[in-house]
Amino acid sequence: MTDFADRVERISISGIREVFEAASEDAINLGLGQPDFPTPEHAKQAAIDAIESGAADGYTPNKGIEPLREAIAAKYERDQGIAIDPDDVIATSGASEALHIALEAHVGAGQEVLIPDPGFVSYDALTKLADGTPVPVELRDDLTLDPAAVEDAISDDTAAFIINSPANPTGAVASEDDIREFARIADEHDVLCVSDEVYEYTIFEGEHHSPLEYADSDNVVVVNSCSKLYSMTGWRLGWVVGASERVDRMVRVHQYAQACATAAAQYAAAAALSGPQDIVEEMTDSFQRRRDILVEGLEAHEITCARPTGAFYAMPEVPEGFVQECIDRGVVVVPGEAFGPGGEGMARISYATDAETLREAIKIMGEAADAVR
Ligand SMILES: Cc1ncc(COP(=O)(O)O)c(C=O)c1O
């Protein structure tokens, strides 16, 4: 067999998948990164209508259908008071593709990308696929990313830094002051800030802020998606927003790699973004209740956990052997190091599961912790 490209040999299937494969079929899965709600009816119906009318049969413009890009622009006006030109939006196949084209378009061979550690698994892998070098930046004790640590890590080779609030895997939410600082760093150091905001609607305390609100330069690119905002992970519909010249470069990658996001999903996303928003509050309230159950449950078992203020993940400190013991006892959690060396000694728990199952899992996790202490 011929050799494979170095860039693909530098990455491997995520540690999350490996954990799933090791678990038994009837295990309680606290490893999944998706909301446990159905996609809103009006979004489904818009896709059905587009399919039945034939509107979803053909390619759409590369950047996506106009009504979707307008709905995305309207979302930024509504939520953050930011005016976005619909022409500066690319609809992508999930935030995953949005991150990919953002890095492909901005990272040169050997250039560095600063990533939170622990951080979402794609940041490291997509940087490597872009022939770049990921530079992990350690988090604070409260698991937020410190702008000063990012600033310290900037070198002549830095192409970009990635921020993610609310964050996977930690559930931490950046303060408004920190977001302002990230915008200043992007401006002053003339480096790109890629802001991954896929959990922006799932915040229990405080408010979501984007560096797009504060940057004076065009050095911020925002990635988002319907996956977590509207419980639409299967639809594969995300987007990236940035300055026209950046969009022009990103759309080159998107055009050749993807052509366009799936047409039916684009119609569903436009409806989700512009229709009733009740699901947002419903999901957030429900996740907050489950956050409380989890954090209190872990505390009762003397498992220390920074209190997550967003998303639907918690990252407690766990004794050695805890993850394997949980899996052996039928609860799947993900080892912290799957998200970077900074995750060592921790586990990621997704609480996007019903309260009763969660309580059962907490009991088992407590027993697992006792068994390995
Ligand atoms: C922080 C973060 N960014 C991006 C993604 C990718 O989301 P999508 O389903 O839109 O590709 C995920 C998915 O888990 C995520 O946690």
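The shell around the ligand consists of 3 nonpolar, 9 polar and 1 charged residues; here Ala, Val, Leu, Ile, Met, Phe, Trp, Tyr, Cys and Pro count as nonpolar, Asp, Glu, Lys and Arg as charged, and the others, including Gly, as polar. This is a predicted model, in which local features need pLDDT of at least 70, side-chain atom pairs count only at pLDDT 80 or more, and totals for chains, interfaces and linings use all residues. Residues are numbered from 1 along each chain as its sequence is written.

Of the 13 residues around the ligand, the nearest are Gly94, Ala95, Ser96, Ser225 and Ser227; a residue is near if its C-beta atom, placed from the backbone, lies within 6 Å of the molecule. Helix 5 (residues 94-106) gives the most to this shell, with 3 residues.

The protein chain as a whole has 14 helices and 12 strands, which are DSSP runs (helices H or I, at least four residues; strands E, at least two) numbered from the N terminus.

An automatic or database assignment divides the chain into domain 1 (6-38 + 278-372) and domain 2 (41-274). Their C-alpha centres lie 24 Å apart. Where the domains meet, 34 residues of domain 1 are in contact with 33 residues of domain 2, contact being C-beta atoms, placed from the backbone, within 7 Å. On the side of domain 1 that touches domain 2, helix 12 gives the most, with 7 residues. By class, that side of domain 1 has 19 nonpolar, 11 polar and 4 charged residues.

Notes: Contact = placed C-beta atoms within 7 Å.
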